[in-house]
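These are my notebook entries on one protein model, written down in the order in which I looked things up. I begin with a helix, go on to strands and charged pairs, and end with the totals.

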Amino acid sequence: MDSSSTMLFNQLKTSKPFFLMAGPNVIESEEHVMRMANHIKAITSKLGLQLVFKSSFDKANRTSFKSFRGPGLVEGLKILEKVKVAYDIPIVTDVHESIQCEAVGRVADIIQIPAFLCRQTDLLVAAAETGKIVNIKKGQFCAPSVMANSAEKIRFAGNENVMVCERGTMFGYNDLIVDPRNFEWMREANCPVVADVTHSLQQPARRKLEGGGVASGGLRELIPCIARTAVAVGVDGIFMEPLHHLEELLEELIAIAGVSKGKQSFKIDLTPFRD
């Protein structure tokens, strides 16, 4: 197992009050990604938060074939490596096929498994075998208990550095909901729990386009609401795309975490009160 990955994994596990995964959803250009990394790093350094920079070289599960997917594996990894070196921050990016894992593992510190692929054994094993930390997003179609099995596949492949990520649950055909109970139930995977507060508010294939077809939308205005809930419950990490008021929101989340007992375990006496 990669010793540097284990060191980073332990840092993330013990980050107080939480660590932040943030960055543009997809790499639009080198200039844009570098500017965003600089901006987010400045904020997290000021606030004393551990940052992991996230962006995707390919969004392979776009709703429409016409949608922009990113620069691709080779060019995307070059850009992410520049970010990593320039700002001295760990990188997380996602993979969609087993064949991508080795190349991604040479650059990324954390390999992310997309929600739709959270049960794909060969992909999980290939990611685990890189020795890098593996962050598994819970499928929108999955119960939280499923994540214990997915995490175990990583460990069975010889890698103990695994995290699980809540990103919402299907609620009908074109909407997701966030069930706060999942943040607690996903602890059964015996690893850090991350809350993806951006994609948890996605509305898949809900927006109709002119000329036909559909695209995904989302309820970005509710990001602060879901982030506050996740921090109060006591998640280990927050995952989000940058907002205009990112610094102000993070300050509020740090304050909430400071008074919340979410990370502490309590034995609650459920015996009914007696007269």
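**Entry 1, helix H1.** I looked up which residues of helix H1, which spans residues 3-13, are buried, and I found Ser5, Leu8, Phe9 and Leu12. These four cover an arc of only 105 degrees around the axis, which puts them on the same side of H1. I then turned to the face of H1 that points away from this buried side, and there I noted the exposed residues Ser3 and Met7. Next I asked what covers the buried residues of H1, and the cover includes strand S1 (19-22), strand S2 (51-54), strand S4 (110-113), strand S5 (133-137) and strand S6 (162-166). I note here that the model is a predicted one, and I keep that in mind for every entry.

Is Ile111 buried or exposed? Ile111 has a relative accessible area of 0%, and it counts as buried because buried means a value under 20%. Leaving aside neighbours within four places in sequence, I found Ile111 in contact with a list of residues, among them Thr93, Val95, Cys101, Ala127, Ile133 and Asn135. I also looked up the distance from Ile111 to Val162, which is 51 residues away along the chain, and the two C-alpha atoms are separated by 9.6 Å.

Gln112 also lies in strand S4, and with a relative accessible area of 1% Gln112 is buried. Not counting residues up to four places away in sequence, Gln112 touches Lys54, Val92, Thr93, Asp94, Val95, Asn135, Lys137 and Phe239. Two of these partners, Lys137 and Phe239, came up again when I looked for charges over rings: Lys137 lies over the face of Phe239, at 4.3 Å from the ring centre. A search for aromatic pairs, by contrast, gave zero in the structure.

I moved on to Ile91, which has its place in strand S3 (residues 91-94) and counts as buried at 0% relative accessibility. Which residues does Ile91 contact, leaving aside its neighbours within four places in sequence? I wrote down Val52, Phe53, Leu80, Val83, Lys84, Ala108, Asp109 and Ile110. Ile91 and Gly23 are 68 residues apart in sequence, and from C-alpha to C-alpha they are 9.9 Å apart in space.

How many salt bridges does a search of the whole structure find? The search finds 16, and I looked up several of them in detail.

Glu152 forms a salt bridge with Arg155, with the closest N and O atoms 3.4 Å apart. Glu152 and Arg155 are three residues apart in helix H6 (residues 146-156), which means that about one helical turn separates them. Glu152 is partly exposed, with a relative accessible area of 42%, whereas Arg155 is buried at 15%. I also noted that Glu152, Arg155 and Glu160 are linked in a network of salt bridges.

The side chains of Arg220 and Glu241 meet in a salt bridge at 3.7 Å, N to O. Arg220 lies in the loop between strand S11 (214-218) and helix H8 (223-233), and Glu241 in the loop between strand S12 (237-240) and helix H9 (246-259), so this pair ties together parts that are 21 residues apart in sequence. Of the two, Arg220 is partly exposed with a relative accessible area of 42%, while Glu241 is buried with 16%.

I found a further salt bridge between the side chains of Arg228 and Glu252, at 2.6 Å from N to O. This pair links distant parts of the chain, with Arg228 in helix H8 and Glu252 in helix H9, 24 residues apart. Arg228 is partly exposed, with a relative accessible area of 34%, and Glu252 is partly exposed too, with 31%.

Finally I looked up values for the protein as a whole, which has nine helices and twelve strands. Buried residues make up 50% of its 275 residues. Among the contacts with a separation of 6 or more, residues 24 or more positions apart account for 69%. The protein exposes about 13800 Å², of which carbon and sulfur atoms supply 53%.

Terms used:
Residues numbered from 1 in each chain as written. Predicted model: local features only at pLDDT ≥ 70, side-chain atom pairs only at ≥ 80, totals over all residues. Heavy atoms only, no water. Salt bridge = Lys/Arg side-chain N within 4 Å of Asp/Glu carboxyl O. Helix = DSSP H or I, 4+ residues; strand = E, 2+ residues; numbered from the N terminus. Buried < 20%, exposed > 50% of the residue type's maximum accessible area, 1.4 Å probe, protein only. Arc of directions from axis to C-beta. Contact = heavy atoms within 4.5 Å. Phe/Tyr/Trp six-rings, centres within 6.5 Å; stacked < 30°, edge-to-face > 60°. Lys NZ or Arg CZ within 6 Å of the ring centre and 35° of its normal. Areas by Shrake-Rupley, 256 points an atom, 1.4 Å probe, with all protein chains shown as cover.
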